[in-house]
Protein chains: 2
Amino acid sequence: MKFSKIPAVTITRLSIYSRCLETLAQEDVKIIASDKLAQKCGINPAQIRKDLAYFGEFGIRGVGYFVKELLFEIKRILGLNKTWKMALVGIGNLGLALVAHENFIRQGYEFVAVFDVDPAKVGRRLPSGQVIHNMDDLDQVVKEKGVEIGVIATPASKAQSAAYRFISAGVKALLNFAPIQLQVPEGMAVENVDFTVKLDNLAYHLTMAES
Amino acid sequence: MKFSKIPAVTITRLSIYSRCLETLAQEDVKIIASDKLAQKCGINPAQIRKDLAYFGEFGIRGVGYFVKELLFEIKRILGLNKTWKMALVGIGNLGLALVAHENFIRQGYEFVAVFDVDPAKVGRRLPSGQVIHNMDDLDQVVKEKGVEIGVIATPASKAQSAAYRFISAGVKALLNFAPIQLQVPEGMAVENVDFTVKLDNLAYHLTMAES
DNA sequence: AGATATCCGTGCAAAATTTCACAAATATTG
DNA sequence: CAATATTTGTGAAATTTTGCACGGATATCT
């Protein structure tokens with residue numbers, strides 16, 4: 001299938017389009033042209049049409065795209081017509097904030113289990129309802145609850161071992177907040193959310209702009 | 001100035017190299033070849049050499065790179081030989097977690113001020129020491145404290161107005177956690193940290209892998 | 001209804017990025 | 001010290017990604 005032929009950046013942009021379209025739908029905009037959508041996203045209009053062309057024809061020439069229809073199609077393509085089950089490892093400041101983040105649910109992502117190594121934390125119940133499990137139970141809990149995405153919010157030093165746990169429990173997708181490059185087997189999907197890398201980009205920009 | 005000729009991805013990779021090198025330095029590794037470093041970063045070795053070549057010659061043929069020296073040079077290039085002053089808008093779960101995140105300080109980033117619109121929060125002091133300011137004082141506080149990077153951790157609906165505040169206070173770099181495309185004038189640097197876009201990538205990957 | 005305007009889908013060219021492959025420099029071995 | 005082994009820096013090729021520009025389809029206006 002086409003899977004491997006579609007650039008990762010295209011998928012990232014689809015996600016951005018879907019967000020823009022959601023806003024437009026809320027504003028009760030019915031139809032939008034690629035030019036207008038492009039402007040909102042800060043992207044070239046031809047790029048949008050190209051991205052969509054990988055998956056089919058969703059627009060009407062001389063008219064544009066029906067907002068709701070296109071939104072639906074993009075969500076279908078991305079696989080957002082279901083709720084994805086996530087498990088979190090690392091109940092620190094960041095972990096807590098993530099679990100409490102109500103955006104996830106709205107977007108179709110749900111934390112069905114949380115884990116920590118700290119015996120003092122294990123057994124406690126979070127405000128959002130989840131009981132903190134021991135890491136040793138990860139394999140079992142992941143299988144019981146049907147976890148599909150593993151989220152790692154541990155310190156860098158513990159991230160790789162958390163990843164191994166998820167891998168051996170059969171989880172195929174990881175969202176990693178630890179500032180480290182995870183080693184994973186072929187076929188795993190790993191996405192890194194890395195504040196400091198982004199900050200470094202800003203620092204560089206500021207430094208260059210000065211000189 | 002070469003600034004505009006250097007790809008953004010190169011800067012991102014430099015940041016990743018610096019992290020790997022820091023680990024190596026801690027492990028007391030003195031010298032490393034581009035092949036080994038590449039393996040650690042999951043990047044092509046020629047890519048590393050090309051990236052570095054934009055800025056000079058840092059290696060020794062037949063030998064490799066001195067870990068500490070290369071680390072120092074990369075940090076200098078990125079502008080990390082100083083502490084950058086940040087201000088945060090939005091003291092929700094995420095905002096609190098960010099301020100508490102001790103990694104930032106270690107990496108040379110410091111929150112010197114925090115803001116929120118909620119009158120109930122304004123005036124309170126965070127565990128990390130900062131007093132929560134009113135948004136109306138942003139301009140003044142930013143100038144007093146010499147804020148260089150604005151961090152936006154508000155809901156999407158408030159993010160653009162927070163950005164405007166920073167912009168008119170003269171801040172030239174923004175780190176945006178809100179799931180929205182900020183509109184900013186020419187010359188501003190904006191980096192988005194976007195969990196849901198990353199999750200959407202994972203969802204797509206999992207969906208494709210099934211079929 | 002014909003003329004004009006809008007806007008999608010897409011072939012193709014341009015630009016950007018990655019990767020290869022090798023000369024040049026350094027180190028090591030016999 | 002010559003021969004062999006490493007490993008960088010880099011020109012050139014290969015690949016990927018972006019953007020232009022236009023045919024074709026739809027709508028609107030006179």
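The model is predicted: local features need pLDDT of at least 70, side-chain atom pairs count only at pLDDT 80 or more, and totals for chains, interfaces and linings use all residues. Residues are numbered from 1 along each chain as its sequence is written, and chains are lettered from A and ligands numbered from 1 in the order in which they are written.

*Helix pair.* I looked up the geometry of helix H9 (residues 195-210) of chain A and helix H1 (residues 8-26) of chain B: they pack at about 120°, with axes 9 Å apart. Axes here are lines fitted to C-alpha atoms, for helices over the stretch in contact, and angles run from 0 to 180 degrees between N-to-C directions. Helices (H or I, at least four residues) and strands (E, at least two) are DSSP runs, numbered from the N terminus. I then listed the residues in contact (C-beta atoms, placed from the backbone, within 7 Å). Val197(A), Asp200(A), Asn201(A) and Tyr204(A) of H9(A) meet Ala8(B), Ile11(B), Thr12(B), Ser15(B) and Ile16(B) of H1(B). By class, this contact has five nonpolar, three polar and one charged residues. Ala, Val, Leu, Ile, Met, Phe, Trp, Tyr, Cys and Pro count as nonpolar, Asp, Glu, Lys and Arg as charged, and the others, Gly among them, as polar.

*Whole interface.* I recorded 49 residues from chain A and 50 residues from chain B in the contact. On the side of chain A that touches chain B, H9(A) gives the largest share, 15 residues. That side has 28 nonpolar, 14 polar and seven charged residues.

*Symmetry.* I found that a rotation of 180° with 0.0 Å of shift along its axis superposes chain A on chain B, RMSD 0.0 Å (least squares on the C-alpha atoms of residues with pLDDT of at least 70 in both). This is the relation of a two-fold axis. The same surface serves both copies, as 100% of the contact residues of chain A recur in chain B.

*DNA strand D.* I looked up the 27 residues around DNA strand D, of which Asn44(A), Arg61(A), Gly62(A), Gly59(B) and Gly62(B) come nearest. A residue is near the strand if its C-beta atom, placed from the backbone, lies within 6 Å of it. H3(B) gives the largest share of this surface, five residues. By class, I noted 13 nonpolar, seven polar and seven charged residues.

Technical notes
Two residues are in contact if their C-beta atoms, placed from the backbone, lie within 7 Å.
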